[in-house]
Amino acid sequence: MQYSIEVNNQVEIFDLNKVAKQAAGAVLMRVKNTVVLATVAREDVQVEEDFLPLTVQYLEKAYAAGRIPGGYVKRETKPGEFETLTSRIIDRSLRPLFPKGYAYPTQIVVMVLSADPEVDLQVVGLNAASVALYLSDIPVNRPVCGVRIGYINDDFVINPSNSELKNSALDLYVAGVKDELLMIEMRSIAQANDAFVPLVDPSLGGAFVSTQNMNEFDEDKILQAIDLAGKAILRQTNAYEEAFKEHKKADAIIELKPEIENENVAIYIDKIYKNDVKNAINQMAKSERASELTKIAKQILSDEEAIKEGWDEKLITNVLGKYNKKIVREQIINEKVRADGRRLDEVRPISIETNILPNAHGSCLFTRGQTQALVVTTLGTDGDAQMYDVLTENAAVTDKFMFNYNFPGFSVGEASPLKAPGRRELGHGNLAKRALAPSIDLNSPYTLRVVSEILESNGSSSMASVCGGSLALRAAGVDTQKLVAGIAMGLVFEGEKHAVLTDIMGLEDHDGDMDFKVAGTTEGITALQMDIKLGGISLDVLKEALNQAKQGRDHILALMQEANDAIVVNDDILPKLELFSIDPSKIVDIIGQAGKTIKEIIEKFGVAIDLDREKGEVKIAGSTKKDVDAAKDYIIQITSKEKGGKNGGRERHIKDKPKVVFNIGDEFDGVVKSVVDFGVFVELKDGVDGLLHKSKLVNPLSVGDRVRVVVSEQKGSKISLSLV
């Protein structure tokens with residue numbers, strides 16, 4: 001059975017009851033030449049623990065793009081970062097739909113079987129998974145959908161193609177059902193602009209200056225984009241429901257765990273221990289709070305009522321945790337007081353130290369309340385960039401900005417083994433990267449790696465990583481466009497009342513209805529991530545949360561600016577990098593026969609050298625400025641020499657001898673004879689040309705243009721010019 005749905009600039013074709021018929025739900029979905037299989041399976045026995053045992057796995061097959069996996073093992077192995085992050089997006093979008101108390105192990109698998117370079121795999125992956133889940137016998141009775149919003153040429157675009165997204169200033173991914181938003185991922189995308197800047201005297205013209213626009217989006221603009229996404233989601237989920245409602249399997253007869261395992265225990269706690277629980281919640285330190293609640297549980301266990309009713313410690317602890325959540329929420333809604341005594345819009349105390357690691361290129365210790373991140377920046381060259389395969393790209397992608405986030409157990413007082421980063425670590429690192437990326441020069445000669453080591457955690461270590469990362473980059477001497485700060489917001493709904501919380505701690509994250517992280521500059525938002533636990537949020541409440549987040553972000557940015565002004569860069573240990581241009585035809589002279597010359601330079605001066613044959617660019621990196629300058633002078637010397645001919649030195653001497661000798665300061669009305677990447681050649685007299693380097697150009701010149709120039713230097717037959 002096949003259905004074709006045309007909605008939100010896409011034609012989606014679904015095949016039902018065609019493949020994977022033994023799964024609880026399955027669908028084969030096609031958009032253009034992309035084909036995705038989504039399946040849902042569940043176990044018949046509940047887990048004992050009180051959580052939703054949902055696993056989502058998004059997998060890309062190499063054959064989908066007509067490739068054989070690289071490496072020694074010629075098959076798909078460990079999921080890549082994009083696969084892991086996409087699995088996380090699908091999980092976060094579908095998890096709120098499951099009924100409370102659902103505890104059956106459930107697995108959703110999404111496999112990309114064919115990949116079209118222009119199709120957004122994250123949008124297709126979520127939509128396929130949602131339809132498969134909706135068709136299954138699991139009691140999820142509303143289909144979710146995802147849409148992506150771009151901003152191209154000052155217009156919002158729904159579901160742009162992959163090539164269109166590369167020209168967009170905005171990447172906004174929203175998932176929802178009907179008129180309820182469930183998950184938001186957003187980032188701004190920096191763009192380079194060439195602006196004509198007039199000189200002090202406009203009559204003398206001006207110069208084209210390359211600038212970078214971070215493309216931060218203010219709160220109103222973001223709300224406009226989210227509103228557009230919400231309307232698109234309503235259209236699409238209605239279309240799904242209309243098409244697939246008659247094919248949905250009857251809900252399986254399953255048992256749902258009660259929210260409170262034993263109401264009598266809850267009533268007893270409320271009657272006898274309410275004030276004790278409230279006092280425990282309001283302990284300042286996270287460890288103290290946990291310790292007090294443990295004492296209360298043990299006290300209840302020894303009470304006559306507990307002994308009489310046969311309550312065990314596991315039951316009491318479970319009910320106490322649920323009761324604890326109730327008290328936290330009531331206190332916030334009714335008393336406008338938080339567990340640590342803060343106002344709803346108050347940010348915890350912040351302290352910042354920079355370059356505390358003497359041998360690291362740049363470091364920042366950022367502490368906010370009981371959350372602490374040590375963030376370190378390392379500068380490298382092109383050879384240090386991360387390369388990875390993307391199914392929708394023909395060649396490997398090179399990434400010169402990396403952000404790694406680590407979360408060891410000791411940060412929350414656990415004696416757990418250190419292990420490879422999981423979905424949470426990759427997700428937090430990706431969020432921090434998206435927040436900071438627009439602030440980094442698009443033409444930066446450095447490869448940058450930022451690592452956040454979480455030393456203590458009690459609420460939004462990812463946003464602490466953003467703040468620390470922005471300052472760690474500055475501490476390493478990286479001239480970022482602006483400082484970027486991040487803040488985590490929370491939301492609590494009780495009936496008709498609600499409260500927005502600034503800078504949430506772990507307890508409020510766990511017991512609240514929304515986890516909302518916002519990062520940006522004083523001008524606007526560069527990254528945003530939102531997860532709704534209660535099933536939808538209105539634009540009015542979202543606007544309130546965004547505006548309150550801006551106040552908190554501005555407060556943090558002011559403190560970060562003070563720390564930035566006090567930074568002392570470790571110049572002595574920073575690697576030095578020199579970028580300059582030569583005649584592209586001279587690149588072969590640097591390389592030498594079989595690479596002999598470049599190897600000698602690298603060994604002699606202890607530097608790394610990157611060459612761009614097309615542009616004639618030479619990039620030299622080394623541990624000291626002295627070595628880099630010496631290597632540069634040596635290369636310039638090599639490329640300045642004329643090659644000898646048949647008669648050896650005699651012919652070389654003749655070639656070195658200039659046809660015409662010019663005096664420094666001679667002026668000419670010359671004609672542009674040729675235009676190259678590094679400047680233009682201008683004919684002076686007697687067929688002799690001089691080079692006007694691109695760094696000295698005011699306006700672009702074309703072949704045949706007349707220009708007034710002055711001789712600034714002559715070495716042999718090589719003549720350098722400047723504008724008059």
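Residues are numbered from 1 along each chain as its sequence is written, and side-chain values use heavy atoms, with hydrogens and water left out. Because the model is predicted, local features need pLDDT of at least 70 and side-chain atom pairs count only at pLDDT 80 or more, whereas totals for chains, interfaces and linings use all residues.

Helices (H or I, at least four residues) and strands (E, at least two) are DSSP runs numbered from the N terminus, and two strands pair if DSSP finds at least two bridges between them. An open sheet of mixed pairing is formed by six strands in the order 1-2-3-4-6-5. Strand 1 (2-7) and strand 5 (54-60) each have a single partner strand and stand at the edges, so one side of each lacks a neighbour in the sheet. On average, neighbouring strands of this sheet are turned by 20° against each other, direction ignored. Within the sheet, strand 4 (residues 34-42) is joined to strand 6 (residues 106-114) by eight bridges in the antiparallel sense; Thr-39 has Val-109 of strand 6 as its bridge partner. Helix 1 (residues 81-94) lies across strand 5 and strand 6 and runs at about 140° to strand 5. For such angles, axes are lines fitted to C-alpha atoms, for helices over the stretch in contact (heavy atoms within 4.5 Å), and the angles run from 0 to 180 degrees between N-to-C directions.

Strand 24 (residues 576-581) runs antiparallel to strand 26 and is joined to it by six bridges, with Glu-578 opposite Ile-620. Strand 25 (residues 607-612) also pairs with strand 26 in the antiparallel sense over six bridges, and Ala-608 has Ala-621 as its bridge partner. Four residues separate the strands in the hairpin of strand 25 and strand 26, where Gly-616 takes a positive phi near 75°.

The structure contains zero disulfides (pairs of cysteine sulfur atoms within 2.5 Å). For Cys-364, which is in no disulfide, the nearest cysteine sulfur is that of Cys-467, 8.7 Å away. Cys-364 is buried at 0% relative accessibility, and Cys-145 is likewise buried, with a relative accessible area of 0%.

Asp-531, found in strand 23 (residues 525-532), is buried with a relative accessible area of 15%. Its side chain is joined to that of Arg-92 by a polar contact of 2.8 Å. A polar contact is a pair of N or O atoms within 3.5 Å; within protein, one must be able to donate a hydrogen and the other to accept it, and residues adjacent in sequence count only if both atoms are side-chain atoms. Not counting residues up to four places away in sequence, Asp-531 touches Arg-92, Leu-182, Met-183, Asp-513, Met-514 and Asp-515.

Rings of Phe, Tyr and Trp (its six-membered ring) pair if their centres lie within 6.5 Å, with planes under 30 degrees apart counted as stacked, over 60 as edge-to-face and the rest as tilted. By this rule the count is 14 aromatic pairs. Tyr-240 and Phe-244 form a tilted pair, 6.1 Å centre to centre with 45° between the planes. Both are buried and lie in helix 4 (residues 219-244), four residues apart. Phe-662 and Phe-668 form an edge-to-face pair, 5.6 Å centre to centre with 80° between the planes.

Terms used:
Buried < 20%, exposed > 50% of the residue type's maximum accessible area, 1.4 Å probe, protein only.
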